[in-house]
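Thanks, everyone, for making the time.

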Amino acid sequence: MNYKKTVFVAFAIEDETYRNLLKGQSLYTNSPFEYIDMSVKTAYETDWKNKVITRIRRSDGVIALVSKNSLTSLGQKWEIECAKSEDKNILGIWCSKDDCTKINGVKTVDWSWDAIKHFINSL
């Protein structure tokens, strides 16, 4: 029986538009993938790390939206490290073909339906 995978999306707040595009892409009728989005849509005022770790633990995997903003985003860095410590599968997706920023220990690929579908189906 197929079920929707639960995916936490880690992104720098400056890249929120890309997070919205990823979610929108999954809702598109011809999309070959579907998932339940566990990303944080608004910043938590207090106790944010405990709330995020709970979401990551409930997730089947993590997609990290990677850009130059990722290098200075303390929240995204912490989310990725948390996912690693929880042994979650992580896939990095470059927000732009013109920005191939690297994050240590995160396999990052070009944004494509096939790459996302393959990752989600592998969870």
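This is a predicted model: local features need pLDDT of at least 70, side-chain atom pairs count only at pLDDT 80 or more; totals for chains, interfaces and linings use all residues.

On the side of helix 2, the contact is made by Trp48, Lys49, Val52, Ile53 and Ile56, while helix 3 contributes Gly75, Trp78, Glu79, Cys82 and Ala83. Sorted by class, this contact of helix 2 with helix 3 has seven nonpolar residues, two charged ones and one polar one.

Let me now move to the aromatic rings. How many aromatic pairs does a search of the whole structure find? The search finds two. In one of them, the ring centres of Tyr18 and Trp111 are 6.4 Å apart and the planes stand at 55 degrees, so this pair is tilted. Because Tyr18 lies in helix 1 and Trp111 in the loop between strand 5 and helix 4, the pair ties together parts that are 93 residues apart in sequence. Tyr18 is partly exposed at 28% relative accessibility, and Trp111 is partly exposed as well, at 21%.

The rings of Trp48 and Trp78 have centres 5.3 Å apart and planes at 70 degrees, which is over the 60-degree cut-off, so the pair is edge-to-face. This pair links helix 2, where Trp48 sits, with helix 3, where Trp78 sits, 30 residues apart. Trp48 is partly exposed, with a relative accessible area of 30%, and Trp78 is partly exposed at 23%.

Conventions:
Residues are numbered from 1 along each chain as its sequence is written. Side-chain values use heavy atoms; hydrogens and water are left out. Rings of Phe, Tyr and Trp (its six-membered ring) pair if their centres lie within 6.5 Å; planes under 30 degrees apart count as stacked, over 60 as edge-to-face and the rest as tilted. Helices (H or I, at least four residues) and strands (E, at least two) are DSSP runs, numbered from the N terminus. Buried means under 20% relative accessible area, exposed over 50%, partly exposed in between (1.4 Å probe, protein chains only). Contact means heavy atoms within 4.5 Å. Ala, Val, Leu, Ile, Met, Phe, Trp, Tyr, Cys and Pro count as nonpolar, Asp, Glu, Lys and Arg as charged, and the others, Gly among them, as polar.
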